[in-house]
Amino acid sequence: MSKTKVLTMLLMLVMAPMAMCAASAEHLDRLEFGPAVGVGFYVGNYHPVAESNLLRIPLYDVAALNTYEHAHMDWPGIETFGFSVGYRFNMRWHLLAKTTRQRVAFAEYDEGTRGLYYNAMWHVDVLAEYNILNYGNKMQPESGMYNVVPYVGFGIGCTMYNQNATLRAVNGGDVNEQKINTWQPQVGKMYKGKDTQGKVVTDSNPIGVGLYIPVAFGVKWRINDNVQLKGSFQYQLYFSNNSKGGLNSNIEGATAADYYDRAGSSAINIQNRPTFEQLSKHIVGYNHDCLFSITAIFNLEKWREERWADF
C-alpha cells in the first residue's frame with residue numbers, strides 16, 4: 001500500500017465523526033473533543049542495519065546505557081501531546097479520531113564513536129472504543145449505569161516522521177565530546193546550511209510513513225455532563241513492506257548526513273552511518289510504540305441518552 005493511499009484512507013476516517021454529527025444536529029451532545037498529554041516509549045532496531053556492528057539504544061534503557069558507560073544523559077525526549085475528536089453512538093460504543101506528537105531519542109554506537117539523536121513524529125489514528133460497562137453521567141449500579149468505566153479500543157493509524165534524525169551530541173573516536181546547537185526536530189521542516197566545502201545547501205528532511213495497528217485500554221471518568229477524564233495506554237504494532245520508498249516502520253530515522261547548527265554552518269559529519277534506505281525492514285513484529293496519556297474530554301452540549309431520563 002502506498003503512502004498516499006494510507007494518508008487518504010486515514011483522512012477519510014478522521015472526518016467520519018464530524019460527518020456523523022453534522023448529519024444530525026440534535027446529536028451534538030454525542031460529539032466529544034479534548035487535549036491529551038503523556039509519555040511514549042518506542043522500541044525499534046537495536047542493530048538498525050543488517051549484519052552490522054552499529055548499535056542503537058533508546059535513552060530510557062538505563063541498563064543498556066550503563067553497559068556502554070553513558071547513563072548521564074538529559075531527559076530522553078519521550079513526551080507526547082495531542083488532540084482527539086470522538087463520537088458517542090451509545091453508552092458502550094465510541095468512535096475516536098486523534099493525532100499525537102511524540103519525540104524519540106537514542107544513542108548510536110559504532111567502533112567507539114557515539115552520537116546522540118532526536119527525531120519527531122506525528123501519529124494519526126482512528127479507534128473504535130468499547131466501554132465494558134454502561135457509561136453514563138451518574139454512578140447508579142442498581143440501574144446498570146456508571147460514571148467510571150474501563151474500556152478497550154482497536155483501530156488503524158499511521159506515523160509521519162523525519163527520514164533523517166537530528167544529531168544533538170557526539171563523542172569518541174577522533175571527536176571530542178560536544179553538543180550540537182541544532183533546532184528542535186520538526187516533521188518535514190526544511191533547513192539551510194553549509195556542506196563540508198562551505199557550499200550553501202538545503203536539507204529537506206523528507207517525511208517517512210509507518211503503518212500501525214493501535215490497541216488501547218484504560219479508564220474513563222465522567223465528572224459532569226460536559227467534562228470527562230480518560231487515562232489510557234495505547235500499544236502500536238508497526239508494519240513495513242520491502243519496496244523502495246514504501247512503508248517503513250523505522251521511525252527513529254537514519255543518521256547519515258551533515259548536521260548544521262543554528263548559525264547555518266556545518267557542525268560535524270559522522271562517517272559510515274546508515275542512509276534511510278539501508279535501515280533493516282521487518283514486515284511485522286519488530287517495531288513497537290507504547291503511549292501513556294491523560295485526556296480531558298469536553299461535550300458541546302449536556303449529556304443525554306434516549307434510554308435514560310435526564311438527571
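## Tyr161 in strand 6

Tyr161 sits in strand 6, which spans residues 148-162. This is a predicted model. Is Tyr161 buried or exposed? Tyr161 is buried, because its relative accessible area is 0% and the limit for a buried residue is under 20%.

One of its polar atoms lies 2.6 Å from the backbone oxygen of Asn248. His123 is 38 residues away from Tyr161 in sequence. In space, the two C-alpha atoms are 8.8 Å apart.

## The nonpolar cores

Tyr161 also belongs to the largest nonpolar core. That core has ten residues in all.

A second core is separate and has nine residues, including Ile57, Ala105, Tyr109 and Ala169. In soluble globular proteins, nonpolar side chains tend to be buried together.

## The whole chain

The protein chain has two helices and 15 strands. It has 311 residues, and 49% of them count as buried.

The accessible surface of the chain comes to about 14,600 Å². Carbon and sulfur atoms make up 60% of that surface.

The structure holds seven salt bridges. One of them pairs Lys98 with Asp125, with the closest N and O atoms 3.2 Å apart. This pair links distant parts of the chain. Lys98 is in strand 4 (residues 93-110) and Asp125 is in strand 5 (residues 113-131), 27 residues apart. Lys98 counts as buried because its relative accessibility is 16%. Asp125 is buried too, with a relative accessible area of 1%.

Gln234 joins both partners. Its side chain makes a polar contact of 2.9 Å with the side chain of Lys98. Another polar contact, of 3.2 Å, runs from the side chain of Gln234 to the side chain of Asp125. Gln234 lies in strand 12 and counts as buried, at 4% relative accessibility. Leaving out residues up to four places away in sequence, Gln234 touches several others, among them Leu127, Tyr212, Pro214 and Cys290.

The side chains of Glu129 and Lys230 meet at 2.9 Å, N to O. Glu129 lies in strand 5 and Lys230 in strand 12 (residues 227-239), so the pair ties together parts that are 101 residues apart in sequence. Both residues are buried.

Some salt bridges share partners. Which residues do they join into one network? The members are Arg56, Glu108 and Glu252.

## Asn299 and its surroundings

Asn299 is placed in strand 15 (residues 284-299). It is buried, with a relative accessible area of 6%. Its side chain makes a polar contact of 3.5 Å with the side chain of Glu32. A further polar contact, of 3.3 Å, reaches the side chain of Gln228. Setting aside neighbours within four places in sequence, Asn299 is also in contact with others, including Asp29, Leu31, Arg222 and Asp225.

Glu32 pairs with Arg222, with the closest N and O atoms 3.9 Å apart. Glu32 is in strand 1 (residues 31-43) and Arg222 is in strand 11, 190 residues apart, so far as sequence goes. Both Glu32 and Arg222 are buried.

How much area does the nonpolar surface patch cover? The patch is about 870 Å². Its residues include Trp122, Val219, Trp221, Ile223 and Ile294. Val37, Phe81, Met139, Val148 and Leu229 belong to it as well.

Trp221 is partly exposed, because its relative accessible area is 40%.

Note on methods
Residues numbered from 1 in each chain as written. Predicted model: local features only at pLDDT ≥ 70, side-chain atom pairs only at ≥ 80, totals over all residues. Heavy atoms only, no water. Patch = residues over 30% accessible without salt bridge, like charges linked within 9 Å, V, L, I, M, F, W, Y side chains within 5 Å. Areas by Shrake-Rupley, 256 points an atom, 1.4 Å probe, with all protein chains shown as cover. Salt bridge = Lys/Arg side-chain N within 4 Å of Asp/Glu carboxyl O. Buried < 20%, exposed > 50% of the residue type's maximum accessible area, 1.4 Å probe, protein only. Helix = DSSP H or I, 4+ residues; strand = E, 2+ residues; numbered from the N terminus. Polar contact = N/O pair within 3.5 Å; in protein donor to acceptor, adjacent residues only side chain to side chain. Contact = heavy atoms within 4.5 Å. Core = buried A, V, L, I, M, F, W, Y, C linked by side-chain atoms within 4.5 Å.
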